[in-house]
Amino acid sequence: MNWCILIPIAIGVICALLGYLLGQSIARDENNQIDVSVYKSRIAQLESDLAKSKTHLNVQSILFDADAAKAVFGKKIKENDLTIIEGIGPKIQELFHNLDIKTWKALSECSVAKCQTILDSGGSRYKMHRPDTWPEQAKMAYHGKWNALLDWQQELHGGM
């Protein structure tokens, strides 16, 4: 057999095979990119729908009972007054309000670390405060568990 003819044919077959495999690889990558963009688009749409539903609902699921709070604490309690939390005074409440934490629910959803970061942002005058119990106290206030909150607060000193 003539080697002069077989070598170019073998090279041609190898090149064709490599070209085919490369083409398949590129097509697969393009299909994956299309799939990813479709999913990213769908996620963005779902996030948008969720944000819209939150603003339309904006319903407080737990009703504040000022009379029940007053009966336990012996003074008028305003809804979402963060100073009801042991260890939070007007200045600390202002720090939290400045960072859009204005409700018991919002404070209850904060981590202790985030509370500490907020305190740290106020400077050295807030160093002595410890927010270890603030989110849990806020949760009790949000849920109207006034007796349990007062009992716990009588054991605390400055929020700890």
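The model is predicted: local features need pLDDT of at least 70, side-chain atom pairs count only at pLDDT 80 or more, and totals for chains, interfaces and linings use all residues. Residues are numbered from 1 along each chain as its sequence is written, and side-chain values use heavy atoms, with hydrogens and water left out.

**Overall make-up**
- The protein chain has seven helices and zero strands. Helices (H or I, at least four residues) and strands (E, at least two) are DSSP runs, numbered from the N terminus.
- Of its 160 residues, 23% are buried (under 20% relative accessible area, 1.4 Å probe, protein chains only).
- Among contacts with a separation of 6 or more, 53% join residues 24 or more positions apart. Contact means heavy atoms within 4.5 Å.

**The buried side of α7**
- Helix α7 spans residues 146-153, and Trp146, Leu149, Leu150 and Gln153 are buried there.
- These residues lie on the same side of α7 because they cover an arc of only 95 degrees around the axis (taken from the directions from the helix axis to the C-beta atoms).
- Their cover includes α2 (66-73), α4 (104-108) and α6 (134-142).

**α6 against α7**
- The axes of α6 and α7 come within 8 Å and cross at roughly 150 degrees. Axes are lines fitted to C-alpha atoms, for helices over the stretch in contact, and angles run from 0 to 180 degrees between N-to-C directions.
- From α6, Glu136, Gln137, Met140 and Ala141 make the contact; from α7, Trp146, Ala148, Leu149, Trp152 and Gln153 do.
- The two helices, α6 and α7, are therefore roughly antiparallel (angles over 145 degrees).

Technical notes
Buried means under 20% relative accessible area, exposed over 50%, partly exposed in between (1.4 Å probe, protein chains only). Angles under 35 degrees count as roughly parallel, over 145 as roughly antiparallel, 65 to 115 as roughly perpendicular and the rest as oblique.
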